[in-house]
Amino acid sequence: MGRNVRSDDMESFDRPGKRTRPRTKDRPDYSKLPTARVITIDRGRYRCQLDDDVLVSATKARQLGRKGAIVGDIVRLDGDVSGEEGTLARICAVEVRRTVLRRTADDNDPFERPIVANADQIMIVTALADPPPRVGMIDRIMVAAYDAGVKPILCLTKADLASPDELIAAYEPLDVPVVVTSPGSDLAPVRELLAGHVTVFVGHSGVGKSTLVNALIPGVNRSTGVVNDVTGRGRHTSTSAIALELPDEDGWVIDTPGVRSFGLSHVTPESVLASFGDLSAFTDQCPRGCQHGTNDPECGLDSAVARGDLAPERLDSYRRMWQAGRLKDWEL
Ligand SMILES: Nc1nc2c(ncn2[C@@H]2O[C@H](COP(=O)(O)OP(=O)(O)OP(=O)(O)O)[C@@H](O)[C@H]2O)c(=O)[nH]1
Ligand SMILES: [Zn+2]
């Protein structure tokens, strides 16, 4: 089912403009209606931002059926779009999504949950200590990013408490940009990575994500929790994803509630491989049903390395992601 939207989801990072039009033959034409971005959802009410920055509350129009809108969606609004107190617009259509970031509650959960639409980057926020970093969790979020065709970035917070060197070294072969922060640190490198992009911030509760968002977007007041001394976890202080426009640069930050696990039952080796574009050329000769893993005999990726056509580090990086996607939550 989710596969049907794949061709739109899986566009490569460097061709963001290309999109396919939905079939509109037997549907009314909504193309004259104003577009808005869904910035947050609260008890069935969609908070939308029009192109001229006016904020409008909206409900789903009946013709949308069971199809929902998610944060980051670009929607067509009908009805009262004045944004005045007490007014309510209607979401008539959801524009084709460039990307959809998904997770399942855990690896046994058959229902994939779309979290955010149209992001092109995901910032994985991890504390270097308090709470301690979990490489398994970082890898799993990276797998979800690759699956969605969204570029991962690693943000290591609380560098005042522990050195980032080990983690930086661990992610070097994956070519993932890494930024390091500590209280009062210069956020210019972070801003530079965010400029011109729609970036989802994901992280375990208590890693300092809200602190970071508040520093990047002054006045937004994301509530910060205090790490609980007993559990080492932050309080769950944020409840819904919210899209926030960057004040000085073009671009959006989509802050998501703290996550404890990241189920990946929707991910296939092929969808992850698609983000390793240089590797997919070598899998044509693979035996049927090859998962391109370490123990798959005659995998074309191994032959490519043996011939010298593919760097072994590149294959190791892909296999590491492949492995992370197979691990169950409770094995982390
Ligand atoms: N030592 C240190 N503490 C930090 C840093 N950044 C944030 N903190 C503290 O870590 C705690 C958690 O920070 P938050 O920003 O609330 O973390 P969060 O990831 O948003 O957590 P949730 O709101 O629970 O999702 C707070 O007490 C912050 O003051 C840092 O760079 N160094
Ligand atoms: Zn293979």
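His-292 counts as buried in this predicted model, because 23 C-beta neighbours lie inside 10 Å; a residue is called buried if 20 or more other C-beta atoms, placed from the backbone, lie within 10 Å of its own, exposed if 12 or fewer, and partly exposed in between. Local features need pLDDT of at least 70 and side-chain atom pairs count only at pLDDT 80 or more, while totals for chains, interfaces and linings use all residues. Residues are numbered from 1 along each chain as its sequence is written.

His-292 is found in the loop between H7 and H8; helices here are DSSP runs (H or I, at least four residues), as are strands (E, at least two), numbered from the N terminus. Leaving out residues up to four places away in sequence, His-292 touches Pro-269, Leu-273, Thr-283, Cys-286, Cys-299, Leu-301 and Trp-322, contact being C-beta atoms, placed from the backbone, within 7 Å. An unreviewed UniProt entry places a "binding site" at Cys-286, Cys-290, His-292 and Cys-299; positions follow the numbering used here, the feature name is shortened, and such annotations may be inferred rather than shown by experiment. Cys-290 lies in the loop between helix H7 (277-280) and helix H8 (300-307). Cys-290 is partly exposed, because 16 other C-beta atoms lie within 10 Å. Beyond residues up to four places away in sequence, Cys-290 touches Asp-296 and Cys-299.

Turning to H8, its buried residues are Gly-300, Leu-301 and Ala-304. They cover an arc of only 105° around the axis, so they sit on the same side of H8; the arc is that of the directions from the helix axis to the C-beta atoms. H7 and helix H9 (312-326) are included in what covers these buried residues. Just after H8, Gly-308 takes a positive phi of about 85°.

The protein is divided into domain 1 (21-94), domain 2 (100-255) and domain 3 (269-331), with bounds from an automatic or database domain assignment.

How values were computed. Chains lettered and ligands numbered in written order. Contact = placed C-beta atoms within 7 Å.
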